[in-house]
Structures are given as structure tokens and as C-alpha cells.
Amino acid sequence: MKSFLYTFSALVLVLLASSCRKDLEFDNYTDRLEFSKDTVYLDTVFTNIGSSTYNLKVYNRSDNAITIPSIRLGLGQDSEYRLNVDGIAGREFENVEMLAKDSMFIFIETTIDINNLPNSNNEFLYTDVIEFNTGITSQKVDLVTLVKDAVFIYPDRDNTTGIIETLSLNIGGESVETDIQGRYLLPEELVFTNEKPYVIYGYAAVPNNETLLVEAGARIHFHADSGILVAEGASLQVQGDFSDDAELMENEVIFEGDRLEPLFSDVPGQWGTIWLFEGSVNNEIHHATIKNGSVAILSDGNPNEINEKLKLTNTQIYNSSNYGILGRNTSISGENVVINYSGLSSFAGTLGGKYRFTHSTIANYWNNSFRQFPSVLLNNFQEDGNGTLYLADLTEASFNNCIIYGNDNPEIILDEVVDSAVVFNFRFNHCLIRFDDPTNAFDGPNYDFGDTNHYIGNQYNDDPVFRDPHNNDMIIGDNSGAINLGDSDFANEVPNDILNVNRTVAPDAGAYQHTSF
């Protein structure tokens, strides 16, 4: 019996070993592989900036485990692409094994210096292939990347310590060192042209008493935690113009992040802010698109300027992870301004100030997370870390022929600390407003919509019929509640809408005249 058991056990071990060896036998690759795509587009990258990681899935549909003798880039070691096959990085791989009915990922990246390429018009289409070879059969998958040249602006880095240059700012007449990474623009950098895109690392600061001029058609891209800072006495002049082609926006000035892949085209919070520091003056932004920042525009101080601190016309602000525009005791005017998709408020005028918006669409259809604040927030105070309140006059907050709407309710909050020492002046004229308060949670005098000192000719809770607000298309349709709501006096101040359509005969509220879609 013992002899039988020993013989039986030995036979089982032999069979198991034989079975394992069969599973691990790999045939030479003769059948055709299948791929998840025949071309991998690594989209657009700036020179010397690494791309995102893209993937290609390779399938072995056969019933046999196989060995692929060679996987390589067509340009070999000279290729600007990098591969990772089965966890191993390189440009050429031999005897890559795949189990029967299995698949594997190949990951692809690139970093390209356009100066090493035959450049044309600051762009170059860089291509290569991934070759799968057996000596008998060959298959290829194309790789394509558009490389753009750019002007790079970045702070210095100490080669010894690795410490990055930071800004010193004039605050209250004193020079204060900050931990804001960045540097002041040089005299020859104070005009941004449309010849090449600009890529900014850290904060590009406009020096005291200087002006940064941004010409029509310029493209400005910010790295993470980067932006523009306009110092005391300095100015920002963004001189975009109307574009005939709504897709190309050839004359529009565009501010956005430096990731050009479609995956990042609408991701909020990719960069910091355009910061109009206290004491900066005569800032103007015309025909611009500002998107994917944390706070698109932060304006501090100067509430009593004869000419407002910031003038905005025909400008779109989208996908801000915090605020579209945040004003702190400042002065802003806007005409044909469109703001949408903000993590907090699309417009917040805090600690008082002076604000005037005409024919603007201030909406918020944020759906990335819970939204605590309305589309429009006004208050006259600021609270420090110790709970101390600082009050300031809200000298003016007027919204004329505007749409103030969104996917929450209500979309305006007037948060006043009542004090005889300060004023809280606001008025909504001929606006379409979302405000429905069935529980009377907002029952103070600021929400008395019959008070003609504050509310004149408005319409409440009618659907504006935006074409596609979740994709920032804020054009209104034939059945919009904003049609013919506008007052002609304000329309004559801004006679054309943001698409250059005349509105004076029958003005609609908001930045757009209605259209059929």
C-alpha cells in the first residue's frame, strides 16, 4: 500500500509539473496582433514640456501564449518618444511574452525640443511609429504630436540650494518679501504679442509704474500655481478684438493652463489668478477668454478711483475652481461679460467697493461638487482669524440688463452687516434673476423686490434657455425669459452684444441677443 501511494503521488507531481510547463511554453508570434487604436495622438505640447502619458492596448486573440521578438520605436534610440512595456522603460524591447487571450498596455510619453527639429511657423508635427516585428510579419502603430514653440517666463532657481526666486511687493509703502514664486517682467517683456504663445511659471509681475500690453490674438498659458501680478502703480492692458471666426477666435486673447491635451481643456483650477494688486491702476481687459484658473481675476483695493480700477468688455470667464471674479473693496465695471462654472461664486464683491455690470451674463452651473455660494455675492465686511469684522462702504453695485442664474437657488445673496457708519447701495435693473424663497429664509429689507430703490423691471425664475450651460455655451434661445427684458437706455450704452449683434431695437437681458437653435 505504501508503495502504491508513493507511486501515485509521484505520478500526480509529474502530471502537475508537465501541466505547468505547458502553460509556460510560448510559441513564436506568427498571427496578427490587434490594437486599441491604429494611431496614438499625443495631441499638442510645448517645446521642452513633457506630455501626458498615453496608452496603447495590445491584444493576443490567439489560443496560444506567444513571444513577440521585437517591439521598438521606428527611430530607435533617436526617437523623441519614450515607451513603457510591461513595466520596463525604453525604446526597444525583445522577446516580449503574452499569454493566450491576454492583453498588455504600452505607455507612451514625449518631451520634444523644437529647436532640434526643422521648424516652420513655430510649429512642427512630430511623428514616429511603434513597430511589432517577427522577421516574418510586421505591424505598426503611428505616433503623432504637434509641438509648439513658445516664450517661457519663469523665476530663477539657485543651482546650489534649489531655492526658486520669490517676489517682494510694495505694501503700504514698505517692501515686503513674500513666498510667492515669480519675478518681475523685464522691459523687453512688457508686450505680449501673438507671434508665439507665452508659458508662465510662477507669477509674472508687472513692475511699479509699468504697463503690460497684451496684443490681440495673444495666447497666455500658466503652469500650476502661476499667474500674473500687477503691482502698485502698474497696469494691465489686454487689447483683444472681435474675431470673425468663432471657432478660431483669431483676435481673442486667451488665458489658460499649459496642458494642451483635450483632457485638460475644461479642468478648473489648473493655475492661480490674474491679481490686480492694491494700488494698480487703469487695468483693462477687452475681448478675452479666461478659463481653468483658481480665481480668474482677483482685484484688490482702490474703490474710489475716478476711472474704475478694472474695466472689462466682451470677456468670458469659465471653469474657475473658486471665483470667476473676486473683488475686495475695489472698483470694477463690466460690459458684455460672461461668467460661468465657478466652484464658489462667479462674481463676489466683498468688503464693499464699487461695481457696475451692464448686459452681462453671470451664471453658475458648477456640478463638480457641492456649491456653497450663489452666482453673485455682495457683502460689506471682512472677518479676520480672530473674528474681528472690518466694514467698508458698498458705494455701488448695479447690475443692468443682466442675467443672474444657475443650477442653485437663490443665485444672489446680499450679506450686509448693518452699521450706520457704512453704506450698502445696490440696484438690479431689468435683470433676469433666479431667486425663489418659498420658506422666507431671506426676509430682510434687502430682499424686498418691490422696493424700487433696489429693484426695477426685473423678471424672476423664468428659464433663460441657455444653449448648453454645462459646456459654457450661454447663448439664449427663442423661448428665453430674457427676451426683450432689457432697458433701451442701457442697451444704447452697449449697442452690440458679445457676438457683435446690434441689440438697440429690442434688447434682451444678458450678454447675448437670442437666436434659434
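The model is predicted, so local features need pLDDT of at least 70 and side-chain atom pairs count only at pLDDT 80 or more, while totals for chains, interfaces and linings use all residues. Residues are numbered from 1 along each chain as its sequence is written, and side-chain values use heavy atoms, with hydrogens and water left out.

**Confidence and overall form**

Let's begin with confidence, given as pLDDT (the predictor's confidence in each residue, from 0 to 100). The protein chain averages 92, and 93% of the residues score at least 70. Over residues 1-23 the pLDDT is below 50, and this stretch has zero contacts in the model beyond near neighbours in sequence. Contact here means heavy atoms within 4.5 Å.

The chain has two helices and 42 strands. These elements are DSSP runs numbered from the N terminus: helices are H or I with at least four residues, strands are E with at least two. The radius of gyration is 30 Å, well over the 24 Å that the globule rule gives for 517 residues, so the chain is more spread out than a compact globule. That radius is taken over C-alpha atoms, and the rule is 2.2 Å times the number of residues to the power 0.38. Along the principal axes, the C-alpha atoms fill a box of roughly 105 × 60 × 55 Å.

Buried residues make up 50% of the 517 residues. Buried means under 20% relative accessible area, exposed over 50%, and partly exposed in between (1.4 Å probe, protein chains only). Among contacts between residues at least 6 apart in sequence, 66% join residues at least 24 apart.

**Rings and charges**

The structure holds 24 aromatic pairs. Rings of Phe, Tyr and Trp (its six-membered ring) pair if their centres lie within 6.5 Å; planes under 30 degrees apart count as stacked, over 60 as edge-to-face and the rest as tilted. Here are two of the pairs.

| Pair | Centre to centre | Angle between planes | Type |
|---|---|---|---|
| Trp275 and Phe277 | 5.3 Å | 65 degrees | edge-to-face |
| Phe399 and Phe428 | 5.1 Å | 10 degrees | stacked |

Phe399 lies in strand β34 (residues 394-400) and Phe428 in strand β37 (residues 427-429), so their pair ties together parts that are 29 residues apart in sequence. Both Phe399 and Phe428 are buried. Trp275 and Phe277 are buried as well.

The charged end of Arg61 sits over the ring of Tyr59, 4.2 Å from its centre. Arg259 lies over the face of Phe264, at 4.8 Å from the ring centre. For this, NZ of Lys or CZ of Arg must be within 6 Å of the ring centre and within 35 degrees of the ring normal.

**Cysteines**

A search of the whole structure finds zero disulfides, a disulfide being a pair of cysteine sulfur atoms within 2.5 Å. For Cys431, the closest cysteine sulfur is in Cys402, 4.7 Å away and too far for a bond. Cys402 is buried at 0% relative accessibility, and Cys431 is buried with a relative accessible area of 0%.

**Two buried strand residues**

Phe46 lies in strand β3 (residues 39-46) and is buried at 1% relative accessibility. Leaving aside neighbours within four places in sequence, Phe46 has contacts that include Ile112, Phe152, Pro197, Val199, His221 and Leu260. Phe46 and Phe152 are 106 residues apart in sequence and 9.9 Å apart in space, C-alpha to C-alpha.

Gly406 lies in strand β35 (residues 403-406) and is buried at 2% relative accessibility. With neighbours within four places set aside, Gly406 is in contact with Asn364, Tyr365, Glu411 and Arg434. The C-alpha atoms of Gly406 and Asn364 are separated by 4.5 Å, although these residues are 42 apart along the chain.

**Backbone details**

Most residues other than glycine have a negative phi, and most peptide bonds are trans. A cis peptide bond joins Asn409 and Pro410, with omega about 0 degrees. Pro410 is placed in the loop between β35 and β36 (412-415).

Asn319 has a positive phi, near 60 degrees; Asn319 is found in strand β27 (residues 310-320) and is buried at 2% relative accessibility. Asn461 has a positive phi of about 70 degrees. Asn461 sits in the loop between β40 (459-460) and β41 (466-468), and is partly exposed with a relative accessible area of 33%.
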